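Visitor: Could you take me through one part of this model, the surroundings of the ligand? I'd like a close look at what lines that spot.

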Amino acid sequence: MPDTPPTLPGLAIIGGGPAGLMAAEVARAAGIEVDVFEGKGSVGRKFLIAGKGGLNLTHAEPRPGFDARYRERRDAVGAWLDDFDADALREWARGLGIDTYVGSSHRVFPADRKAAPLLRGWVRRLRDQGVRFHVQHQWLGWSDDGALRFSTPAGELHVAAPATVLALGGASWPQLGSDGAWQPLLAARGVDVAPLAPSNCGFDIGWSEHFANRHAGTPLKPVVAFWREDGREHQRQGECVVTTTGIEGSLVYALSAPLRDAIARDGEATLHLDLAPGREFDRLHRDLGKPRNGRSVSEHLRRQTGLTGVRSALLHEVLGKAQMDDVELLARTIKRLPLVLKHARPVEEAISSAGGVRLEAMDARLMLDALTGVFCAGEMLDWEAPTGGYLLTACFASGHRAGLGAVEWLRSTASSPITSGN
Ligand SMILES: Cc1cc2nc3c(=O)[nH]c(=O)nc-3n(C[C@H](O)[C@H](O)[C@H](O)COP(=O)(O)OP(=O)(O)OC[C@H]3O[C@@H](n4cnc5c(N)ncnc54)[C@H](O)[C@@H]3O)c2cc1C
């Protein structure tokens, strides 16, 4: 290792996901030299996987409802969206030749619903604009003299950078590159980091073996979920899927933040499901009260309510044999099936992460208070949102904010190596 590591001419961006690439784009457009370092052999792997489900780029919900999806971080994320919102994102995609459309659920997708053409065109444009890419460069932290340390196929490399944007992602799907290994590196430098936790995740319930063997993988659609949050009951219709250990799917993902927080607070959370959204309790009660004429409960349930398969099995799973004969209780349980959620599934399986670098640990430009000249962006920041395009939108918007923040900072200061503020 040379005594003095080479110094980059401008901005080092570590992490080639949507947040890092957007930071690269705005900084380069402002005339700054940009080097992007990525641990994997190519950039944007999670973005490509997001494309497998149709690439839900953003959402057509108007503001301020859009901002409210970021819960307690609505104001902070809203400030990023003031500069780069859903419309700006659609316009940006159009600039890459990718038209978008609003789907029936108001989610916004590229016309071809694919991520690969968008990413390919974007990386090509960044290269043409002079952004330098360094793949297979896994960031290891800082050396004693403040240089960035990378593990590369050619051995360890140290480079000094006048400014750095960290856009290292959360900890979901770590096989795609974002593994959360940055947490102790930043914490050791005095950065306040909320532990990464699963968001948009499934939950464990602990089915009987019989139920799990027969029904894992079976969808429940539509159902209405009821849950308590902020002292009130809320409800929402959607779809979920029974898993070997519990439940997952878009309806459960959307509720994952309050359910996860309730488990952390109370040890467990109860989610109620209406298994027959189109039927009133009174009618169920009346129909189930008709004589069974020697038929089994399951057959009676099928004939009188149309509930079969996994819905019927759920009732058997939750109610004992004797309780299934109690018409009033059975009708009530069809309308309010209680599911006791024990744990969130691990963050590695989740669609996204909650937690991360606390926004209080940085200024409005997204520069860390503890590390002058170091900015953070994307999912590694402490915000969360449901699926629906809100995740990518905040990643792009924070990358935009951090990239411009780094430009402003570089212009306001003589080029100097990164110094710890501690
Ligand atoms: C299956 C799936 C589907 C999804 N679908 C959607 C969707 O349709 N819509 C939506 O809005 N969101 C979706 N998301 C979420 C969205 O993909 C992420 O929120 C987004 O990619 C995060 O962007 P980012 O730039 O912050 O981080 P990432 O995309 O995770 O990128 C971080 C990059 O940093 C690199 N890196 C990490 N550590 C290091 C290191 N030490 N050194 C060097 N490089 C490092 C990683 O390899 C990675 O390339 C989906 C997620 C998953 C898992």
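Guide: Quick bit of bookkeeping first: Ala, Val, Leu, Ile, Met, Phe, Trp, Tyr, Cys and Pro count as nonpolar here, Asp, Glu, Lys and Arg as charged, and the others, Gly among them, as polar. Bear in mind, too, that this is a predicted model. On that scheme, the shell around the ligand splits into 14 nonpolar, 12 polar and 4 charged residues. That's 30 residues surrounding the ligand, and the closest are Glu-38, Trp-139, Ser-178, Glu-379 and Leu-392.

Glu-38 puts a polar side-chain atom 2.6 Å from an oxygen atom of the ligand. Ser-178 also has a polar side-chain atom 2.6 Å from a ligand oxygen. With Trp-139, by contrast, the backbone is involved: one of its N or O atoms sits 2.8 Å from a nitrogen atom of the ligand. As for cover, the ligand on its own has 1,000 Å² of accessible area, and the protein covers 94% of that.

Where does the shell come from along the chain? At least two residues each are supplied by helix H1 (18-29), helix H2 (45-52), strand S7 (138-142) and helix H16 (390-412).

Cys-395 is in no disulfide either, with the nearest cysteine sulfur, that of Cys-376, 13 Å away. Cys-395 is buried, at 8% relative accessible area, and Cys-201 counts as buried too, at 1%.

Note on methods. Residues are numbered from 1 along each chain as its sequence is written. This is a predicted model: local features need pLDDT of at least 70, side-chain atom pairs count only at pLDDT 80 or more; totals for chains, interfaces and linings use all residues. Side-chain values use heavy atoms; hydrogens and water are left out. A residue is near a molecule or strand if one of its heavy atoms lies within 4 Å of it. A polar contact is a pair of N or O atoms within 3.5 Å; within protein, one must be able to donate a hydrogen and the other to accept it, and residues adjacent in sequence count only if both atoms are side-chain atoms. Accessible areas come from the Shrake-Rupley method with a 1.4 Å probe; for residues, only the protein chains shown count as cover. Helices (H or I, at least four residues) and strands (E, at least two) are DSSP runs, numbered from the N terminus. Buried means under 20% relative accessible area, exposed over 50%, partly exposed in between (1.4 Å probe, protein chains only). A disulfide is a pair of cysteine sulfur atoms within 2.5 Å.
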